[in-house]
Amino acid sequence: MRPFTYTRAKDVAAAVTDIRANSEARFIAGGTNLLDLMKIDVMKPRHLVDITRLALDTIEETDEGGLRLGALVTNADTAYHEQVEKRYPLLSHAILAGATAQLRNKATDAGNLLQRTRCYYFYDTDTACNKREPGTGCSAISGYNRNHAILGHSEHCIATHPSDMAVGLAALDARILVTGPQGERMLPISDLHRLPGNTPEKDTNLGENEIITAIELPPQGFAQHFTYLKNRDRASYAFALVSVAAGLEIEGGVIREARIALGGVAHKPWRRPEAEAMLRGKKASRENFQPVADAYVQGAKGFEHNTFKIELARRSIVRALMTAAKIEE
Amino acid sequence: MEKNTTASVSKEKISLTINGTEQQLEVEVWTTLLDLLREHLQLTGTKKGCDQGQCGACTILLDGNRINSCLSLAVMHDGSEITTIEGLAQGDELHPVQQAFIDHDAFQCGYCTPGQICSTIGLIKEGKAKTVDDIRDLMSGNICRCGAYSNIVKVVQEALERSQQA
Ligand SMILES: Cc1cc2nc3c(=O)[nH]c(=O)nc-3n(C[C@H](O)[C@H](O)[C@H](O)COP(=O)(O)OP(=O)(O)OC[C@H]3O[C@@H](n4cnc5c(N)ncnc54)[C@H](O)[C@@H]3O)c2cc1C
Ligand code: SF4
Ligand code: FES
Ligand code: FES
């Protein structure tokens, strides 16, 4: 690893001051993604601001009846938290579908959302990659692109976001609390990550000096009807090829509300609210799920090695909704 | 540089309790816990497989929780307690999980074994594994390239049952 300097922040204000005061500085939390990338020279910060001593490591009730997850709560403590398991099992399942027990003990909730793509070329400093080095080109478009995007990609980057937790949070309409030099702000999870466009080096809409302080879960947790379906090359400990987080609110067999978020298909968790709305007032059934799945992959475009994902996504959506609705065939 | 900032350092004095002994150490801030153990303290029982969080050979217990020491900076864990494979036996008496690995022949070359043992102890403490499938899933962060998995799963299962009776 290249040498760098280090400060340990005492509070959020100090963390924001430290990140501004040092050039090419980064926050470090669990370190499970950042250190990995620093060892292979993909990320080369000259200064690290250790935020693990900030008092952001608790899970609390919010006034509106939801939960606030501190940015530094570990993935393991979140997934196994009694209230999360009971009220937001979809989130527990999504987190536990990712990484390993050791990593989840260290990984933090904010760090998880800000982990970087697993595009092979991004990791390989001998190849061209617009995300790693803007302007060098994208090796994946005409290379091996099995784990790449089918939706929302650009001619500059076809990477996917690898987080399982983010997909669960997208389905739950979570909100991200951020503090920066200008003060605090809140953004919906749908605005946290972005599409690559002309600037694939930017994964998110966070400012350079902004720190995530918490994640808020609205009261509706879809605890009765939910699923997190993760398709991958191994049964455990592999990133998603296509994943689906589904939550349904069903009353007397009729769907009141439906949420569907896809992982492994785009540069951000993929939602299509207008397609979800097709299910409102409908009976939960395969016939009604199929058109929604078709709508989700509308406009999808695959590359040489990942076109299979389009059909996989369509089928996974139907299966996830069937599971969430507890329909057996 | 702006006022009010904390002084940046590239070396720092930290205190770690390693296998029951408190130690004052001066570390370069980029030193991982794994390199600190192996290179600076000659505790080479903890292994370096991939150095990237993928194999679990470097698993140690940090304040009782299993983690990958290769993806942890020593400086970030000032004040913590660390247990490695060297700290498990009480004198000549092996830790029950160590003994179980021997009794069940749950290794071949042994390279992954210190990590497997620390991981098993962490898994028991977490208390989330109920079935054999759970064990397989929750031990999946420890790769064994010799493929000793079937006996490893048996050991974990037995150690788990024994800990529940105790
Ligand atoms: C072998 C392996 C397998 C994995 N498998 C999966 C998987 O299947 N699914 C999955 O979802 N993940 C997987 N992961 C990724 C893992 O979940 C992430 O590494 C982890 O969640 C990152 O969290 P962290 O706290 O360690 O982040 P760090 O490495 O500390 O930080 C990551 C990034 O976030 C920034 N950051 C951290 N906290 C904040 C904050 N509060 N505010 C602003 N910026 C911040 C850092 O500056 C850094 O850029 C895997 C990782 C490994 C090594
Ligand atoms: S897909 Fe994106 S991350 Fe991968 S090589 Fe192309 S530009 Fe880089
Ligand atoms: S050496 Fe740490 S996980 Fe492989
Ligand atoms: S016993 Fe050889 S790697 Fe596991």
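The following dialogue reads several features of a predicted model.

Biologist: Which N or O atoms of the protein lie 2.9 Å, 3.1 Å and 3.0 Å from an oxygen atom of ligand 1?

Modeller: For polar contacts, look for pairs of N or O atoms within 3.5 Å. A backbone N or O atom of A:Asn33 is 2.9 Å from an oxygen atom of ligand 1. For A:Ala99 a backbone N or O atom is again involved, at 3.1 Å from a ligand oxygen. With A:Lys230 the side chain provides the N or O atom, 3.0 Å from an oxygen atom of ligand 1. As for cover, ligand 1 taken alone exposes 980 Å², and the protein buries 97% of that.

Biologist: Why is helix 5 of chain A described as largely enclosed?

Modeller: A residue is called buried when its relative accessible area is under 20%. Helix 5 (residues 89-96) of chain A is largely enclosed by the rest of the structure because six of its eight residues are buried. Those buried are A:Pro89, A:Leu90, A:Leu91, A:Ser92, A:Ala94 and A:Ile95.

Biologist: Where is A:Glu201 placed, and is A:Glu201 buried or partly exposed?

Modeller: A:Glu201 belongs to the loop between helix 10 (189-192) and strand 8 of chain A. Its relative accessible area is 32%, so A:Glu201 is partly exposed.

Biologist: What does A:Glu201 touch, not counting residues up to four places away in sequence?

Modeller: With those set aside, A:Glu201 touches A:Arg116, A:Asn130, A:Lys131 and A:Pro134. A:Glu201 and A:His156 are 45 residues apart along the chain, and their C-alpha atoms are separated by 9.9 Å.

Biologist: What does the domain assignment of chain A give, and how far apart do the C-alpha centres lie?

Modeller: The assignment gives domain 1 (1-49) and domain 2 (226-324) in chain A. The C-alpha centres of domain 1 and domain 2 of chain A are 36 Å apart.

Methods
Residues numbered from 1 in each chain as written. Chains lettered and ligands numbered in written order. Predicted model: local features only at pLDDT ≥ 70, side-chain atom pairs only at ≥ 80, totals over all residues. Heavy atoms only, no water. Buried < 20%, exposed > 50% of the residue type's maximum accessible area, 1.4 Å probe, protein only. Helix = DSSP H or I, 4+ residues; strand = E, 2+ residues; numbered from the N terminus. Domains from an automatic or database assignment. Polar contact = N/O pair within 3.5 Å; in protein donor to acceptor, adjacent residues only side chain to side chain. Areas by Shrake-Rupley, 256 points an atom, 1.4 Å probe, with all protein chains shown as cover. Contact = heavy atoms within 4.5 Å.
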